[in-house]
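Colleague: I'm new to this one. Can you walk me through it?

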Amino acid sequence: MDIVVCVKTNPDLELVRVKDRVAQTEGVPYKIGDLEKNALEAAVTLRESGAASNVTALCVAEGNRKAAEDIKVALAMGADEAVVIDDPALAEPDQAAVAAVIAAAVRKLSACDLLLFGEGSSDNYTGQVGARVAELLDLPQIGYARTVEAEGDVVRCERSMDDVIETVQAPLPAAVTVVSEVNEPRIPGLMQIMKAKSKPLQVWSLADLDIEAPVPVREIESNLAEEQDRKHIVFEGTAAEQAEAFVDALIREGVLGR
Amino acid sequence: MESVECIVVGGGLAGLSAAYGLAEAGLEVMVLERGDYSGAKNVTGGRLYVKPIRGFYPELWDEAPFERPVARELVTMMADGAHTTVEIASDRFLEGGPQSYTVVRAKLDQWLADKVMEKGAMVVPNMKVDELLRKDGRVIGIRAGGDEIGADVVVVAEGVLRLLSSAAGLAAQPQPRHHALGYKEVIELPAGVIEDRWHLNPGEGAAQLFMGDCTRGMMGGAFLYTNKESIALGMVVGMEDMRRRRDGTESWQLLDAFKELPQIRPLIAGGTAAEYSAHAVPEGGITQVPRLAGDGYVVAGDTAGLSFNALVTVRGMDFAVASGYYAAEAIKKAKAAGDCSAAGLASYEQSLRSSFVLRDLETARNIPGVMENPRLFTHYPAAVGRLLESVYTVGEQPQAGLVKKAWNGVRRDFLSLATLRDAWSMRKI
Amino acid sequence: MNIDAKLGLDVFKLDKEPHIVIDTEVCRTQCDDEACLYVCPADLYERDDQGRMTVNWEGCLECGTCLLCCDRRALSWAYPHGPFGVQYRMS
C-alpha cells in the first residue's frame with residue numbers, strides 16, 4: 001500500500017510577533033504544521049507495521065521559498081520520498097487552488113492507496129483541503145480520525161465526534177484527515193536527519209502537472225474593528241444630568257439619533 | 001558509526017564562520033545548532049566591530065543584515081544624580097566602510113547560516129549536542145540524543161558556558177570571577193525618533209555606555225545600542241560582585257532602576273518593550289583562553305574565551321568570526337596533510353597568535369584585574385560629575401573663579417594616594 | 001515593568017522535563033548565601049512553602065548565571081533539548 005501525506009508548511013506561529021496589530025512574519029522560519037506531523041507519524045507507523053510499503057510527503061509550497069528544505073523534516077520523520085510543488089503562481093493560493101494542485105499531483109504520482117491530511121492547517125485551519133481533494137479525486141473521506149488502521153483493501157478509523165466515537169471503514173483508495181489525538185509525532189534524531197538528505201525529493205511546477213494557474217476566488221480582508229482612541233470624558237453631576245450629558249455627547253459624535 | 005569530515009558544534013558566529021570556510025573548500029560539514037534557527041539562542045549587547053574581519057570572506061559583509069553603522073560613541077559617567085557624557089562623532093568611524101555596526105543576532109546569524117548552506121554545508125537546527133566523544137584522548141565525534149556521529153575534526157563553538165568542552169576535559173569550567181551577566185531589553189522606537197534622540201543622520205547609529213552607580217558599585221555598566229527600529233538597553237554586571245552582594249537587590253531590578261532615572265527616561269519614552277534576554281559574558285581575558293586545538297578538535301569563539309571588555313570597547317563577535325575563519329584555514333591544511341591531530345591543527349593557534357585576536361587579548365591582559373577595582377565604578381564617575389557640576393553651578397553665594405573651582409575638584413578627588421595607586425595599576429591597560 | 005511582563009515578551013517552547021534540577025539537600029545543608037535567589041535575571045528561583053529551593057525553569061533565558069554562581073554545585077544544569085527553550089527574535 002502506498003500512502004501520500006499532504007503537508008503544509010507555515011510560519012512558526014509561536015515565533016510570530018504582532019506589532020501594531022499586524023503579524024510580523026518576516027524572517028520567521030516555516031515549519032510543518034502540527035496536525036500534518038500527526039498524519040506523517042500515522043503513515044510512518046503504518047509502514048513500520050508492514051501495512052504500507054511507501055510513504056510520500058507532498059507539499060504545496062504556498063510562497064515558502066524554502067519549502068524544499070523544510071520538507072526534509074518529513075523525510076527525517078520517516079517518509080520515503082517527498083514532492084514539493086512550487087510555482088510563482090502559487091504564492092498565496094486559496095483552499096480550492098491547493099486542493100486542485102494536490103489532486104493533480106496525486107494523479108501524476110504512480111500510486112496512492114491512502115491519502116492522509118491533518119484535519120486543518122496550523123495557521124488558517126479552514127479544514128477544507130482534505131475534503132476538497134477527496135471530492136476531486138472521487139475518494140471516500142474519513143474526517144476527525146483519531147486512529148488509522150489499514151488492513152487489506154480497507155482503512156478503518158475511529159472518529160472523534162462531540163459525544164460519541166464512531167468507527168468508520170472505507171474501501172481503499174481513500175482520504176483520511178487526522179486530529180492530534182491520533183499519535184505523538186516523533187522528533188527525528190540526527191541520524192534520521194542525515195539519512196533524509198539522500199532520500200528522493202522532487203520539485204514540480206504547475207507545468208509539470210499540466211494544469212493552469214488557479215485563480216483565487218476571493219480576497220481576504222481584515223475583519224478587525226478599527227482601532228479608536230478613548231475620549232476620556234468624565235461627566236459630572238447627578239445621575240440624571242450625567243445621563244443627559246452622555247446622550248448629548250453620543251448624539252454629537254453621531255452615534256445616536258442619526 | 002556514521003561519520004562526516006567536520007562537525008561544528010554551535011551555529012553562532014564562530015561556528016558558522018568556520019563552516020563557511022570549510023564548505024567553501026568543498027569539505028563535508030555539518031553544523032549542529034540547538035535553537036530554532038541560528039541566532040535564536042544568542043544574545044549580544046549589540047555591536048560588531050566589522051573592521052578587523054572585513055578581510056575574511058570579503059564578499060559577505062557588504063550584504064550582511066546589520067542594523068546601523070555606529071557614527072556616534074557616547075560614554076556617560078553617572079553618580080549622585082549627575083550624569084557626565086562624553087560624545088565622539090568622527091568621520092573616521094564611517095570612512096572606508098564603517099568600523100562597527102549594531103546587530104541583532106536573530107537576523108545576522110540566520111542570514112549567515114543561509115550563506116553557509118549555500119556553500120553546501122548542512123546546518124541542522126533544533127539539535128542539541130549532548131557529548132563530545134573521546135577515544136584515547138582524541139575527540140572522535142559527538143553524541144546527540146541517541147545518535148553518535150564521527151568526524152575527522154570537531155569545531156567546538158558551543159558558547160560561553162563550555163558545558164561540553166569542560167565535561168570532555170578540553171577547557172576549564174567557567175568561574176564567576178571571569179564572567180559577567182549581560183541582560184537587556186529590546187525597546188521598539190520609530191527610526192525617526194531614534195535619529196532625533198541621538199542626533200543621527202538617517203540610517204546611522206549610536207552606541208552609548210554608562211558607568212557609575214547604575215551598578216551600585218559592582219563591576220560593570222549599562223549599555224544602549226540603536227538598531228534600525230529599536231534600541232537595546234541593558235546592563236553588564238560582574239558575576240563575582242553580584243554573587244557576593246547581600247543587600248537584597250536582584251540582578252534584574254538594576255535595569256528597571258536605571259530606566260527610571262530622569263536622565264534615561266526621555267531616551268526610551270514612548271518605546272514599546274519587545275524582548276528581554278540575558279547571557280553570561282566571558283570577561284576573563286587571555287588568561288582564560290584554553291588550549292585552542294588538540295587531537296581531532298579546535299575550540300572557537302566564546303568557548304575559547306575570545307572576548308574582552310575594555311570599558312569603552314566591548315569585543316567578542318569579531319573574535320568569534322576571526323577564530324572561525326582561522327579554524328577553517330587550519331582544518332583545511334590538516335585535512336590536506338591527512339593529519340588532524342594536535343600537531344596537524346597547530347597552525348590554528350599560530351594564526352590566532354599572529355593575528356589581532358590574541359594580540360589584542362594580550363594587550364588587554366591586565367584589564368580584567370584593573371576592572372576588579374571598585375573605585376572605577378564608584379569614585380571616578382562621581383568625581384568627574386562633581387568636578388563638572390561645580391564648574392557649571394551658579395549659586396546664591398559669590399562664586400569662586402573657574403580655574404579655582406576646577407582645581408578644588410581635582411585636588412579633592414584626584415590628588416590622593418589612592419588615585420595614584422589606581423593610575424599606577426592602569427599604566428598597562 | 002515586572003519580571004513576568006518582561007518574560008512574557010519572549011518565546012518559550014516548553015519541554016515536559018525540566019532542564020535544571022536542584023539538589024535541595026545541598027541547598028539545605030551547605031549553602032548560606034543563596035546567590036541563585038538574586039543573580040538570576042529572570043527571577044526564577046524561590047523557596048517553596050516548606051523552605052526548599054525551587055526553580056521555575058520554564059522561563060529560563062539559558063544565560064547560565066545560576067550555574068556559574070552556585071559554588072556548592074547543587075544544580076544539574078543542561079540546555080533544553082533540541083526544539084525547546086527560549087527562542088530569541090530580536091536580540
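Colleague: At roughly what angle do the axes of helix 9 and helix 10 of chain B cross?

Modeller: They cross at roughly 145 degrees and come within 8 Å. Helix 9 of chain B covers residues 317–337, and helix 10 covers residues 347–354. Axes here are lines fitted to C-alpha atoms, for helices over the stretch in contact, with angles from 0 to 180 degrees between N-to-C directions. Helices (H or I, at least four residues) and strands (E, at least two) are DSSP runs, numbered from the N terminus.

Colleague: Before we go on, what kind of model is this, and how are things numbered?

Modeller: It is a predicted model, where local features need pLDDT of at least 70, side-chain atom pairs count only at pLDDT 80 or more, and totals for chains, interfaces and linings use all residues. Residues are numbered from 1 along each chain as its sequence is written, while chains are lettered from A and ligands numbered from 1 in the order in which they are written.

Colleague: Back to those helices. Is the crossing left-handed or right-handed?

Modeller: Helix 9 of chain B passes helix 10 of chain B in a right-handed crossing. That label applies if the near helix is turned clockwise from the far one by less than a right angle; anticlockwise is left-handed.

Colleague: Which residues make the contact?

Modeller: From helix 9 of chain B, Ser323(B), Tyr326(B), Ala327(B), Glu329(B), Ala330(B) and Lys333(B). From helix 10 of chain B, Ser347(B), Tyr348(B), Ser351(B) and Leu352(B). Contact means C-beta atoms, placed from the backbone, within 7 Å. These residues divide into 5 nonpolar, 3 polar and 2 charged. Nonpolar covers Ala, Val, Leu, Ile, Met, Phe, Trp, Tyr, Cys and Pro; charged covers Asp, Glu, Lys and Arg; the others, Gly among them, are polar.

Colleague: Zoom out. How many helices and strands does chain B have?

Modeller: Chain B has 15 helices and 19 strands. Its C-alpha atoms fill a box of roughly 85 × 45 × 45 Å along the principal axes.

Colleague: Which domains does chain A have?

Modeller: Domain 1 (2–209) and domain 2 (228–258). Their C-alpha centres lie 55 Å apart. Domain bounds come from an automatic or database domain assignment.

Colleague: And chain B?

Modeller: Domain 1 (2–66 + 103–172 + 290–354), domain 2 (177–282) and domain 3 (371–426). The C-alpha centres of domain 1 and domain 2 of chain B are separated by 29 Å.

Colleague: Where does chain B have positive phi in a residue other than glycine?

Modeller: Asn126(B) is one of these, with phi near 55 degrees. Asn126(B) is in the loop between strand 7 and strand 8 (131–135) of chain B. Arg162(B) also has phi near 55 degrees. Arg162(B) is in the loop between strand 10 and helix 4 (163–167) of chain B.

Colleague: Why does Asn126(B) count as buried?

Modeller: Because Asn126(B) has 21 C-beta neighbours inside 10 Å. Arg162(B) is buried too, with 24 other C-beta atoms within 10 Å.

Colleague: New topic. How many residues of chain C are in contact with chain B?

Modeller: 30 residues of chain C, in contact with 40 residues of chain B. The largest share of the chain C side, 4 residues, comes from helix 4 of chain C. That side divides into 19 nonpolar, 6 polar and 5 charged.

Definitions and conventions: Two residues are in contact if their C-beta atoms, placed from the backbone, lie within 7 Å. A residue is buried if 20 or more other C-beta atoms lie within 10 Å of its own, exposed if 12 or fewer, and partly exposed in between; C-beta atoms are placed from the backbone.
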